[in-house]
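Keep the picture beside you as you read.

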Amino acid sequence: ADELKLATLIVNAGDFDRQDTPVSIPLDQISVNQDHGLFRLYEKSAGRVEVACQLEMGQVRRLWWIMRGATASGTSRTFELTIGDTFQVVTPIKISMDENKLILLTEKQKILQYNHGTVYPPAGVDDIYKRSGFIHPLWSPGGELLTRIQPPDHYHHYGIWGPWTRTIFEGRDVDFWNLASGQGTVRFAGYVSVVEGPVYAGFRVRQEHVDFTARGADKVALNELLEVRAWNINEAQDVWLLDYATTLNCASSSPIDLDAYRYGGGIGFRAVESWTNENVRVLTSAGKTRVDADGSRAFWCDVSGANGGGARAGIVFMSHPTNRDHPEPMRVWPEDANGGRGDLFFEFCPIRHNSWRLNPGQDYMLKYRLLVYDGEMDVKTAERIWRDFAYPPRVELKAE
């Protein structure tokens with residue numbers, strides 16, 4: 001098949017050692033129509049080995065690939081971009097959907113479930129606690145369940161989710177988090193896109209932050225675009241690398257004030273019931289543990305626990321340097337939470353110390369990356385993967 005060479009791409013590791021790193025480059029310098037075929041990428045520094053790549057469509061198209069294996073700091077790798085005939089694309093991470101849920105999964109294991117259908121609380125519990133638009137279950141690569149929803153102590157906890165707690169909208173106090181207040185909720189409002197490919201699979205959804213206290217009909221105060229992505233970082237699929245990015249935009253001509261509070265927004269996580277003070281470990285990038293992490297700031301926070309059989313798994317939550325109030329403050333439940341059981345709730349909470357006004361006509365974005373693993377995590381690995389997220393390798397494009 002004929003292939004047209006478009007560009008040479010040089011990836012510079014920069015100041016950090018890299019390992020299985022997602023990298024991308026904007027293709028605004030290359031105006032090739034999609035109909036001409038598919039982009040193909042070859043690593044020249046490895047003797048022209050084909051590398052899976054994936055095009056992200058947007059105002060500016062981006063080409064993504066995984067720079068596999070180790071790349072030492074201060075070194076570079078060279079790739080050749082061509083366009084050729086279409087060929088069978090392997091999609092190691094797939095998507096399955098029905099009327100209630102979307103599941104990201106590999107050949108061997110489910111990764112996570114996003115619930116677009118409304119989930120009701122257990123029988124006998126007030127329907128005020130119903131909700132849509134959240135992630136549960138999240139599994140580890142070894143199949144361990146990590147999340148929990150509707151625990152009897154907090155029926156409004158929903159796996160991985162991120163509503164705002166103390167807000168002022170058009171002069172009214174609206175709590176989108178504590179559903180029992182009856183003031184508001186967050187609900188699924190439609191898929192924008194669902195994508196599968198050799199480098200990543202994921203979805204973008206609209207979520208509405210709804211004010212129930214408005215006169216007359218319920219009023220949408222905030223529109224949210226949530227994008228979740230699972231990266232195909234290695235063939236063993238022995239860890240998950242997930243991106244969770246939320247973009248907020250006022251849904252009317254009224255601003256919304258997010259009051260400083262220890263809960264709210266960002267990304268929240270309620271751990272599975274078996275995670276208690278007997279097995280939970282918390283470690284932040286600043287070296288704090290469960291004893292002193294609450295209210296502190298971090299680049300990343302590693303939370304882990306064990307199931308009933310003793311198998312450990314965990315998640316490193318990472319905050320992006322562009323996020324508001326980064327290094328980002330956290331809410332971490334203490335060891336004596338929930339009557340001494342020590343259940344785990346964790347969240348990055350950008351309004352923990354400072355209020356935030358969202359003005360109409362502006363987008364506000366928060367980006368997080370999750371490293372989901374089985375067993376133990378070491379600081380060096382957590383730090384390296386956070387750096388890949390915060391300071392990705394620089395790519396130079398030399399057009400042909």
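This is a predicted model: local features need pLDDT of at least 70, side-chain atom pairs count only at pLDDT 80 or more; totals for chains, interfaces and linings use all residues.

Start with strand β13, residues 167-169, and strand β19, residues 256-258: these two run antiparallel and are joined by three bridges. In general, strands of a sheet pair through backbone hydrogen bonds, in either a parallel or an antiparallel way.

Now widen the view. The β13 and β19 strands belong to an open sheet of four strands, ordered β14-β13-β19-β27, with antiparallel pairing. At its edges lie β14 (172-174) and β27 (356-358), each of which pairs on one side only. Neighbouring strands in this sheet are turned against each other by 25° on average, ignoring direction.

Next, find strand β20, residues 267-270. Are its faces covered or open? Both are covered: Ile 267 and Phe 269 on one side are buried, and so are Gly 268 and Arg 270 on the other. Strand β12 (residues 160-161) runs antiparallel to β20 and is joined to it by two bridges, with Gly 268 as the bridge partner of Trp 161. Strand β26 (residues 345-348) pairs with β20 as well, in the antiparallel sense and over four bridges. There, Ile 267 stands opposite Phe 348.

What about links between cysteines? A disulfide is a covalent bond between the sulfur atoms of two cysteines. This structure holds zero disulfides. Take Cys 250: the closest cysteine sulfur to its own is in Cys 349, and because the distance is 19 Å, the two are too far apart for a bond. Cys 349 has its closest cysteine sulfur in Cys 301, but at 13 Å that is also too far for a bond. Cys 250 counts as buried because its relative accessibility is 7%, under the 20% cut-off. Cys 349, at 0%, counts as buried too.

His 136 and Pro 137 are joined by a cis peptide bond, with omega about -5°, and Pro 137 is found in strand β11 (residues 134-138). Another cis peptide bond joins His 326 and Pro 327, where omega is about -5°. Pro 327 lies in the loop between β24 (312-319) and β25 (328-332).

That loop also contains Asp 325, which has a positive phi of about 60° although it is not a glycine. Asp 325 counts as partly exposed, at 21% relative accessibility. Asp 20 has a positive phi too, near 50°, and is likewise a residue other than glycine. Asp 20 is found in strand β2 (residues 18-26), and at 16% relative accessibility it counts as buried.

Finally, step back to the whole chain. How many helices and strands does it have? There are one helix and 29 strands. The C-alpha trace spans about 65 × 50 × 40 Å along its principal axes. A compact globule of 400 residues would have a radius of gyration near 21 Å, and the 22 Å of this chain agrees with that. Buried residues make up 55% of the 400. Among contacts with a separation of 6 or more, 68% come from residues 24 or more positions apart. The chain exposes about 16,500 Å², and carbon and sulfur atoms supply 47% of it.

Notes:
Residues are numbered from 1 along each chain as its sequence is written. Side-chain values use heavy atoms; hydrogens and water are left out. Two strands pair if DSSP finds at least two bridges between them. Axes are lines fitted to C-alpha atoms, for helices over the stretch in contact, and angles run from 0 to 180 degrees between N-to-C directions. Buried means under 20% relative accessible area, exposed over 50%, partly exposed in between (1.4 Å probe, protein chains only). A disulfide is a pair of cysteine sulfur atoms within 2.5 Å. The radius of gyration is taken over C-alpha atoms; the globule rule is 2.2 Å times the number of residues to the power 0.38. Contact means heavy atoms within 4.5 Å. Accessible areas come from the Shrake-Rupley method with a 1.4 Å probe; for residues, only the protein chains shown count as cover.
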